[in-house]
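Keep the structure in view as you read.

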2 protein chains.
Amino acid sequence: MALLQGGKLALASLLFLTPLIDIAMGQTFRRLGTCPTLGCVFPPDQIDFLAGQLFDIRLEVHAPTNGTEATNGVPDENFTFCIQKGNGVCVDVTRFFGVRDPSLEKWTFTYYEDLFARDAEQLTGVNVASKAYRAVTLHEPGSYRAILKYNGGAQTVANWVVRRPPARRTAKNVLFFIGDGMTQAMITAARLIGHKSINGKYQSLMQLDQMDALGLQMTHSIDSFITDSANSATALYTGKKSSVDALNVFADSSEDHFDDPKFETIAELFRRRTGGPIGIVSTAYIADATPGGLCAHTRSRDEYEAVVHEFLYNTSAISPTLDWPTGCRGADVIFGGGAEQFIPGSGSPNGTDFYKAFESEGYQVIYNNTQLKTVDNNKKTLGIFSTSNLAKWLDRNVYPDNLKGLKNSPTGDQGDAVDQPGLKDMTLKAIDILQARTRRDQGWFMMSEAASIDKMMHALDYDRALGELLELDDTVRASIAHLKKIGELENTLIVVTADHGHGFDVFGSADTQYLAAQTTDRRKRDAVGIYEGSGLSEYTVSPGSTPDNHTILFGAQGPHFPVQWTPRYTFAAGFGAVPDHRESYIGNAGGPRNPTTRGEDGYFGPRPEDRFEIHGTLPGSTSQGVHSLQDVPVYATGPGAASFRGVYNSVDIFFKIADALALGRTKD
Amino acid sequence: MALLQGGKLALASLLFLTPLIDIAMGQTFRRLGTCPTLGCVFPPDQIDFLAGQLFDIRLEVHAPTNGTEATNGVPDENFTFCIQKGNGVCVDVTRFFGVRDPSLEKWTFTYYEDLFARDAEQLTGVNVASKAYRAVTLHEPGSYRAILKYNGGAQTVANWVVRRPPARRTAKNVLFFIGDGMTQAMITAARLIGHKSINGKYQSLMQLDQMDALGLQMTHSIDSFITDSANSATALYTGKKSSVDALNVFADSSEDHFDDPKFETIAELFRRRTGGPIGIVSTAYIADATPGGLCAHTRSRDEYEAVVHEFLYNTSAISPTLDWPTGCRGADVIFGGGAEQFIPGSGSPNGTDFYKAFESEGYQVIYNNTQLKTVDNNKKTLGIFSTSNLAKWLDRNVYPDNLKGLKNSPTGDQGDAVDQPGLKDMTLKAIDILQARTRRDQGWFMMSEAASIDKMMHALDYDRALGELLELDDTVRASIAHLKKIGELENTLIVVTADHGHGFDVFGSADTQYLAAQTTDRRKRDAVGIYEGSGLSEYTVSPGSTPDNHTILFGAQGPHFPVQWTPRYTFAAGFGAVPDHRESYIGNAGGPRNPTTRGEDGYFGPRPEDRFEIHGTLPGSTSQGVHSLQDVPVYATGPGAASFRGVYNSVDIFFKIADALALGRTKD
């Protein structure tokens with residue numbers, strides 16, 4: 001809070017600010033988000049490091065050729081860069097790290113200064129001079145100042161902190177669950193439909209409700225207040241916020257997706273420090289940002305071939321700058337969807353059969369839930385169970401016919417992937433494999449992602465999203481029971497959090513029969529019951545019965561899931577951020593919802609007419625919902641859980657997990 | 001969790017359920033929410049009591065005359081009622097409590113079974129036989145079964161629990177803040193506009209972010225999943241959830257608003273057990289549900305005259321059934337708006353000058369902020385600072401001209417209430433008065449409400465709502481500092497929570513210049529920047545400047561508030577639950593927002609046309625936003641704070657506070 005004391009200084013410096021025309025404050029587009037000045041340092045100001053964490057340095061000097069910041073267009077090539085520890089002298093970077101000065105790089109990029117400039121196709125050009133120093137590290141805890149001097153007197157200062165690591169390791173294993181896009185409002189809604197309440201008292205609770213520690217984390221990006229899942233995965237795994245689409249690099253201004261300055265992830269650090277096994281489980285395609293973020297380093301999360309490449313190999317032939325003396329070095333368990341990156345074809349690395357690449361590195365490869373149950377626990381295992389994302393819990397368990405006809409077999413045989421595991425199946429098996437592959441005291445690290453909470457919230461498919469959330473909760477419950485059974489519960493830190501939210505909330509109930517019987521949009525909306533009219537959850541009572549307070553019913557999926565999914569009175573929910581769409585508040589039995597169709601002027605709510613129209617709040621080019629700002633909850637149980645209490649930044653999650661595993665090193 | 005073990009029993013009882021036609025499951029309207037059977041017990045099943053807490057019992061037997069539950073229309077008058085402690089015998093209520101049997105009451109009520117019945121004006125009638133037992137209590141901790149037998153064999157069982165009180169008191173004083181309608185999404189948004197972030201790291205934090213303990217509470221009603229503020233105040237103050245509109249009573253089916261079964265509040269208990277002073281502070285009209293709920297008992301929160309009556313007198317002439325051997329007995333500090341209940345006229349008790357009633361009970365009465373600062377700390381004080389709700393922080397501090405011309409003077413002189421205190425002024429002064437009026441070891445209890453977070457979120461006026469939230473945070477911060485200064489911080493439990501949420505969230509930024517320049521609704525929406533296009537908060541930098549990362553600016557309102565409120569790039573936010581309205585994402589400088597105007601077919605978004613239209617999701621009869629389901633955060637600091645960690649029910653807040661003050665008594 002020291003900066004708060006600087007009020008006097010701040011007011012003083014205000015007097016010397018040169019007001020520029022408003023366009024330079026562009027928010028929608030910016031020259032480079034982390035670099036408001038013309039000299040750029042990466043890692044930028046305010047970055048914290050784990051002691052001994054590897055990172056690259058990138059320096060850039062910008063010379064805009066036109067626009068509001070126009071210069072002569074010649075970037076200063078004689079910039080200098082030094083690093084100062086505490087109150088010491090600033091030592092030239094080459095001497096500080098004992099590295100050689102790299103050759104100068106030069107490039108040009110363009111951007112729009114705002115939406116008016118975009119409409120007028122008025123690009124601003126910027127010439128860049130740059131240097132990069134690869135794979136350096138800081139071991140000594142404390143404060144550092146990294147100073148770039150350029151343009152004969154200008155300077156950009158980055159204040160860095162190396163956090164002091166703990167004296168001892170508290171957790172042997174870490175099981176890290178990510179409910180992608182999950183907010184407390186969604187957990188509340190899932191509780192409403194999956195757990196019975198009598199006169200306001202729940203008769204059972206979510207597993208999340210019962211964890212030892214509760215926290216909240218701030219999800220914003222380094223250069224925008226709404227994040228995507230790549231950027232937020234980066235924060236959770238490395239302790240560094242970055243830009244939208246970036247995985248474990250700071251976004252520089254060059255076009256190359258692989259030359260951006262990298263930093264080491266929790267999985268890489270765990271591997272490098274302990275040699276222990278790593279597990280990666282997701283209901284998404286496995287190259288997606290949240291699973292991919294454990295091992296990959298790229299400016300673009302869409303570089304799927306590179307992402308799967310980095311699961312398997314510690315260094316990469318993709319780009320010389322990826323030559324990186326750390327890495328996942330073949331994660332021991334990889335379970336998810338996304339067969340497109342493995343079946344030989346346009347999506348796989350160099351078009352090769354990438355299943356074979358894993359087999360040649362000693363992996364057993366499996367394709368369905370039947371194989372999952374019987375596979376050898378002692379071997380590295382790749383399980384790819386469909387193309388694209390895995391089937392949703394609701395379709396697997398309530399509407400299994402929706403799994404047919406999709407031609408999404410992971411083997412590429414054009415069959416249907418009807419024998420898919422759920423998050424619980426994958427996670428429990430992964431625990432067994434990691435446990436079998438752990439050598440004494442190494443422990444293991446696993447990330448398990450309920451990916452389609454997010455994917456179904458994007459599609460405004462609330463039922464499926466909540467089904468995924470209930471499956472996550474069920475998986476956490478089953479994992480605790482399983483760890484207890486195998487004697488590892490007291491050794492395992494379990495953390496459950498999200499990477500960002502969606503502005504979803506339930507605001508009442510909807511009488512779907514009444515809604516269907518009305519003929520105008522405004523009359524249909526009269527079916528929504530608010531306040532006392534919201535009534536009680538019909539999802540926990542049997543269809544057609546009177547509510548019997550004292551009877552707890554279980555549906556076909558057992559306790560902790562709805563007894564029925566299509567009651568007459570459904571919950572009514574919505575988002576502030578929506579495309580044009582049509583609403584009936586009825587779950588989509590026929591498969592995941594497609595909220596919009598493309599028209600001449602962007603996306604519109606599709607027919608049928610038995611839904612009422614909701615005008616969107618998002619640009620017409622947006623086909624689905626988007627992420628929101630709100631802090632997301634953190635739940636933890638096990639050794640080190642207490643440190644997850646309270647309100648903190650997303651990046652702190654990395655430090656808390658790394659500290660529980662004692663991955664920091666104050667000496668080489 | 002014992003009920004979870006009852007899976008076998010539950011499935012067995014399912015077989016004996018008689019399926020009724022669907023209408024009986026009505027959610028939008030119900031015969032009586034807490035009574036799915038024809039015999040009703042209040043307090044109903046699943047209610048917990050503080051040991052020694054006073055409550056009424058109400059029994060009802062229903063005989064519907066038509067509709068899906070039609071009987072012969074004659075309610076059983078010979079019902080019996082007994083209470084069983086633990087595994088003991090069930091003792092008739094008169095013997096159990098040593099009270100006389102009251103005379104039988106009879107009445108009739110009607111309701112609609114669903115929306116179709118409402119449209120057809122098809123009422124269902126119900127004849128009722130009833131008895132009420134007033135002001136009983138249970139001292140012995142443990143489980144009780146209260147059994148109503150009726151209709152020759154039918155029975156309704158209510159399971160009650162008296163919680164075991166702690167051995168000793170941990171907190172001398174309790175300062176209980178309620179941010180009405182406040183969610184974590186709103187706190188996140190307030191942090192964004194009030195606190196500067198550099199490369200993703202906040203340079204200062206909300207006071208709430210820094211409290212010792214973080215929890216989450218479930219806000220649902222006893223008989224609906226969306227609550228109002230009366231019902232939720234009841235839960236927080238008494239440990240009993242109730243129905244929408246009810247203050248500290250369970251809703252019975254009779255028309256009388258004052259004969260419903262009451263239960264004792266935290267303020268009444270504090271007064272009865274310690275004799276210490278009570279403070280009630282709100283930015284709402286003081287008869288509003290959240291302040292009123294500390295002392296009042298009525299089925300209808302709209303009984304404003306009764307509410308202010310109950311602040312002052314311990315028993316009431318309003319109704320014999322209000323004769324109640326407990327009460328606030330003249331709360332020591334009452335600060336808020338709502339002069340309508342004091343100025344002689346249609347809103348004041350019996351049309352009298354109710355300021356005089358307070359003066360005759362020894363109160364000093366004040367009307368503005370100037371008086372507030374100089375008033376005697378040793379006297380009971382009533383401060384009413386305007387008619388209706390108090391002015392909003394944004395209008396008082398940024399747009400003071402909006403305070404003019406409102407003719408809202410609290411004295412009734414038709415002047416303008418331009419010298420109004422804010423929440424901080426009122427709360428700090430209330431601390432001083434309570435402190436001066438405390439006799440050694442009594443301690444004090446205060447509730448301080450930031451009411452207009454809710455009121456402005458209802459109006460979709462995000463800026464004003466967040467201004468109120470920042471003021472609350474500033475008040476908590478100032479209260480901690482003030483308590484420290486007077487040596488009471490370590491004696492004071494400070495709890496901050498909400499009573500329910502609204503489904504508000506920020507999903508991006510809006511380029512308001514671009515929005516204004518577009519001519520169609522769909523093009524205007526293109527001004528919204530999502531993900532990387534959301535950029536950084538412009539509220540924390542000075543207008544027209546380039547973002548200088550290292551400069552922390554303070555606006556005229558000091559740190560922890562925005563530097564500017566009308567930047568070019570605003571935050572873009574919204575709700576899932578909205579009336580038809582029009583949006584520009586520009587704050588309403590001219591005063592609180594009025595989101596709709598009344599048209600022939602309900603409420604519509606008003607002109608002007610420089611906003612784009614958003615179709616509502618709520619019934620056309622709804623003029624503003626509504627409450628939502630999501631769990632709301634709880635923050636606590638001071639003695640007893642640790643018990644507020646984790647996830648729990650709203651009613652638990654009452655027990656946690658009562659336990660910190662040791663208000664339970666296991667013997668009379």
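Two strands pair if DSSP finds at least two bridges between them. Helices (H or I, at least four residues) and strands (E, at least two) are DSSP runs, numbered from the N terminus. This is a predicted model: local features need pLDDT of at least 70, side-chain atom pairs count only at pLDDT 80 or more, and totals for chains, interfaces and linings use all residues. Residues are numbered from 1 along each chain as its sequence is written, chains are lettered from A and ligands numbered from 1 in the order written, and side-chain values use heavy atoms, without hydrogens and water.

In chain A, strand 4 (residues 80-85) and strand 8 (residues 142-150) pair in the antiparallel sense over 6 bridges. A:Lys85 has A:Tyr144 of strand 8 as its bridge partner.

Now the whole sheet. It is open, with 5 strands of chain A in the order 2-9-8-4-5 and mixed pairing. Strand 2 (47-50) and strand 5 (90-92) of chain A are the edges, each pairing on one side only.

Next, the annotated site. UniProt places the feature "active site" at A:Ser229, in an unreviewed entry; such positions use the numbering given here, feature names are shortened, and annotations may be inferred rather than shown by experiment. A:Ser229 lies in helix 5 (residues 229-238) of chain A. Is A:Ser229 buried or exposed? A:Ser229 is buried, at 4% relative accessible area (buried is under 20%, exposed over 50%, partly exposed in between; 1.4 Å probe, protein chains only). Beyond four places in sequence, its contacts (heavy atoms within 4.5 Å) include A:Asp180, A:His500 and A:His627.
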